[in-house]
Amino acid sequence: MSSSQKELLVLIVTSLCVISLAIVFTLFYLHYYKNSLDAIKEGRRDIELIDDNINEQIKAKSKKHKAFKIAMKVLSYLISAMVLAIFIIALINRFSGGDIVVGNSTVIVVKTGSMSEVNAANREELTGYDNQIPTWSLIGISKVNEEDLKPYDVIAFFESNSNQIIIHRIIDIMEDANGHYYVTRGDALASEDGYHPRYEAIIGRYNNFHIPYVGLFIYFLQTNSGIVTILSIIYCLVLFGVLSDKIAKKEKERKDELISVIDIDLAIKEVNHDIIEKIYYHGYVYSFKNNEFISKEKILEGDEHLPSKKNELIKVIENQDETKVMSSIIEISFKEENK
């Protein structure tokens, strides 16, 4: 089997696996999305939404919570930007022939271990040169003038015989009738390279910038299998984001309706005297004092304010002068509204 046939086989297998996982994720999340909307429409998540609103208002007053939310948002943006940058670098790397030029600098993926360590035969000669490069590193290469090149510089050059970019160290600079040429060798190799590049073939000199192991991801993502994988991941993330936003929108709509009936704003603190409010709904009683949340407890069977209907909400307001009892039916059917 030829290398092209193997690559095609790997692509087919990878595509089948990744697409199958994307289909399973789609079916699973669509099922979750439908069940979530039904639960919101039927009021089965009302208690959870009330709890969320109370917790949000309490946490909103905490400086630590605000700082944590900002930090998490910034971190998520940084991670997303990093993943996107790696994918873009991978695509550019693939279609630019292996090097990405930005101004006078280039980043290249080191795919072999020829510069990862010092061969015993070269140890004495390379004493003091400790800028070896681990396999699968992403390294920086800067353009350099011919007169600035010197022995033991690490350079990247294009080898026309193999049609590859080589990253090796100059061990000697020679000259013939056509001008200077460079004798190179990988630090991990015992013998010099058979191909001697001239200045025109040199992409640049290693500037000691490198990120270990990132090159492995870039190399994978620039393959056909990697592109199929990342596109499937992007599809799943977009699907997740779109449906999650729709669920969040419905949650907010229902939460706003519940809160408009409950009418508790924990941010309000200006009161003239003690006011106690109790909300009876879906088997629970919420207690507030001067708009401060006090407790959430199950309604006891003997409680005089026990709702008579499943979706009946009873609000009890007590102050120094009087006690008010208000009853509201807040069952809302989105299905009927959509007909």
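**Figure 1. Lining of the largest cavity in the predicted model.** Helix α2 supplies the largest share of the lining of the largest cavity, with 4 residues. The model shown here and in the other views is a predicted one. The cavity count is 1 at 30 Å³ or more, and the largest cavity holds about 80 Å³ of space. Its lining is made of 11 residues, and those nearest the centre are Ile54, Ile259, Ile262, Ile264 and Phe288. At least two lining residues come from each of α2 (46-60), α5 (224-262) and β9 (284-289). By type, the lining has 9 nonpolar residues, 2 polar residues and no charged ones.

**Figure 2. Helix α2 and the elements it packs against.** The 15 residues of α2 reach 21 Å from the first C-alpha to the last, close to the 21 Å expected at 1.5 Å a residue. Buried positions in α2 are Asp46, Ile47, Leu49, Ile50, Asp51, Asn53, Ile54 and Gln57. Residues three or four places apart in an α-helix point the same way, because there are 3.6 residues a turn. The buried residues of α2 pack against α5, β8 (276-281), β9 and β10 (292-298). One of them, Ile54, is buried in α2 and is also among the residues nearest the centre of the largest cavity.

**Figure 3. Helix α5 from end to end, and the residue after it.** Helix α5 has 39 residues, so at 1.5 Å a residue it should span 57 Å; its end C-alpha atoms lie 56 Å apart, which agrees. Asp263 follows α5 and has a positive phi, near 60°. Helix α5 supplies at least two residues of the lining of the largest cavity.

**Figure 4. Ser225 in helix α5.** Ser225 belongs to helix α5. Ser225 counts as buried because its relative accessibility is 8%, and the cut-off for buried is under 20%. The side chains of Ser225 and Thr14 make a polar contact of 3.4 Å. Setting aside residues up to four places away in sequence, Ser225 touches Val10, Leu11, Thr14 and Phe220.

**Figure 5. Arg169 in strand β5.** Strand β5 (residues 164-176) contains Arg169. This arginine, Arg169, has a relative accessible area of 0% and is therefore buried. Its side chain is joined to that of Asn131 by a polar contact of 2.8 Å. Beyond residues up to four places away in sequence, Arg169 touches Met115, Leu126, Tyr129, Asn131, Gln132, Tyr152, Asp153, Val154, Val183, Thr184, Arg185 and Asp187.

Figure 6. Ile141 sits in strand β3 (residues 138-142). With a relative accessible area of 1%, Ile141 is buried. Gly204 is 63 residues from Ile141 along the chain, yet the C-alpha atoms of the two are separated by 5.4 Å. Apart from neighbours within four places in sequence, the contacts of Ile141 are Asn104, Ser105, Thr106, Ile108, Ala156, Ile203, Gly204, Arg205, Tyr206 and Asn207.

**Figure 7. The whole chain, for placing the close-up views.** The chain contains 6 helices and 12 strands. Of its 339 residues, 35% are buried; Arg169, Ser225 and Ile141 are among the buried ones. Among contacts in the chain with a separation of 6 or more, 61% are between residues 24 or more positions apart.

Conventions:
Residues numbered from 1 in each chain as written. Predicted model: local features only at pLDDT ≥ 70, side-chain atom pairs only at ≥ 80, totals over all residues. Heavy atoms only, no water. 1 Å grid on protein atoms, 1.4 Å probe; cavity = no way out; pocket = protein on both sides within 12 Å on 5 of 7 lines; lining within 4 Å. Points joined across faces, edges and corners; volume = space filled by probe spheres on them. Nonpolar A, V, L, I, M, F, W, Y, C, P; charged D, E, K, R; others polar. Expected span 1.5 Å × (residues − 1). Buried < 20%, exposed > 50% of the residue type's maximum accessible area, 1.4 Å probe, protein only. Polar contact = N/O pair within 3.5 Å; in protein donor to acceptor, adjacent residues only side chain to side chain. Contact = heavy atoms within 4.5 Å.
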